[in-house]
Amino acid sequence: MLDDKKILVLSSTYPSLNSEIFQPGFVHLLCKNFKKYGYEIDVLAPYIEDALSIEQMDGVKVYRYRYFFKKLSYLTRSGGIIGNISKNSFLLLLVPFLISAQFLYLIRLLKSHEYDLIHAHWIFPQGFLALLARKILRKKIAIVCASHGGDLFFLRSKLFKIINRLVIKNVDGFHVVGEHMKTYCVKSLGIEKDKIDVISMGIDNDIYFFSDHEENRKKDQILFVGRLVEKKGLDLLLSSMVRLRADGINLTLKIVGDGPLGEQYKNFVRENLEEGVVDFIGAVPAEILSTYYKESTLLVVPSKKAKDGDQEGLGLVVIEAMACGCPVLVSDHAAFKDTVQDMKTGVVFSLDNPEDISRKIQFLITNDDLRKQLTVNGLKKSNEYGVENIAKKIDGLYKRSLEKNYTARIS
């Protein structure tokens, strides 16, 4: 253990106790688990509506920086900068303000606190700004950077490839959330394999995401969980629902999540499906999300590569569903190769193929024995992604990064 080490976490999304704006909780889940390792954790994240400028959450101190007028601070709403920009290009104008505000607040924190390590989630802007701040202030501080997918796959211009390569080569530790991302870094960015750790984000498999072996799943209910953005592929699932209804398969679909394409998808449903077939739930906290996993007979994850290049990094919803005993049907996307083995821990359908989605849904809902076997195998697989296991791996990365940084300073 590295007792009394102080860590600053940089993230472009972070939940708040005081705001009703939904933000993904995977970074916070990791942060609060680091208390067991003797770390003191601070977080720097953007302002979201009604959040306090400084707040304490589960022993984690969260600092929020303002990057624009309150009523126009929409860039990080619903946890998706890339998705929000894709829907409303006007939001691009806010990006320089967000980067500038983050950098100024980062400099302020580094001057007023003695941090041992920065953990920057996403290469740009967080990883880049961490390196720049360390250089300007000449701070003897280790930097670990995490890539979650969008920073690699969406930001693919020549300029961003240069930035990504620069950041990865100069931080003390770097991890991606899936093997396919490591392959991309090696082949497209020329990064050495031993520079890259594959460490995913974790799930709370003790409090929320666990199976209670209930037998009251709704056989006519399937589930989609994710942001309503192109790369999640909800349009494919909705098209398959039209096919299923035409074939006399009377399933209902619960959609948990929100995002910039919400109205477009709702219009499609109103025009092509009967009322009550599809229910848009919106974004919900983990305790409510887990109930949908536990009552649905199947989770469908139709992720694909978006036209702008953005794509899935890992897909935590697959692991959450497995942990709750819900069988999964996923696209043949590289992001799921780490977690889903076809016909063993889940079932795979052909990428971008609504017909195959329909066929596989029919196959699964009529095959009780297979779903039971998928549940058993999925539960075993999900245990690997419990947050305690992930925290141990990142703790090891922290130790190696601190040692590397120390060695570099004295050599």
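Helices (H or I, at least four residues) and strands (E, at least two) are DSSP runs, numbered from the N terminus. The structure is a predicted model, in which local features need pLDDT of at least 70 and side-chain atom pairs count only at pLDDT 80 or more, while totals for chains, interfaces and linings use all residues. Residues are numbered from 1 along each chain as its sequence is written, and side-chain values use heavy atoms, with hydrogens and water left out.

**View 1. Strands E10 and E11 with helix H9 form a right-handed β-α-β unit.** Strand E10 (residues 252-256) and strand E11 (residues 278-282) run parallel and are joined by 4 bridges, where pairing requires that DSSP finds at least two bridges between two strands. One of the residues involved is lysine 254, whose bridge partner in E11 is aspartate 279. Helix H9 (residues 262-272) belongs to the unit as well, and a crossover is called right-handed if, with the strands pointing away from the viewer, the path from the first strand over the helix to the second runs clockwise.

**View 2. Helix H11 is largely enclosed by the rest of the structure.** In this helix (residues 316-323), 8 of the 8 residues are buried, a term that means under 20% relative accessible area, whereas exposed means over 50% and partly exposed lies in between (1.4 Å probe, protein chains only). Among the buried residues are Leu316, Ile319, Glu320 and Met322. The elements that cover them include helix H1 (26-33), strand E9 (218-225), helix H10 (286-295) and helix H13 (368-382), with contact meaning heavy atoms within 4.5 Å. Just after H11, glycine 325 takes a positive phi of about 80°.

**View 3. Phenylalanine 69 is an exposed loop residue.** Its relative accessible area is 60%, and the loop that holds phenylalanine 69 runs between strand E4 (60-65) and helix H2 (81-87).

**View 4. A cis peptide bond joins phenylalanine 124 and proline 125.** The omega angle of this bond is about 5°, and proline 125 lies in helix H4, which covers residues 123-137.

**View 5. Aspartate 58 and aspartate 352 each have a positive phi although neither is a glycine.** For aspartate 58, which is found in the loop between strand E3 (54-57) and E4, phi is about 55°. For aspartate 352, placed in the loop between strand E14 (347-349) and helix H12 (354-365), phi is about 60°. Aspartate 352 is partly exposed, with a relative accessible area of 45%.
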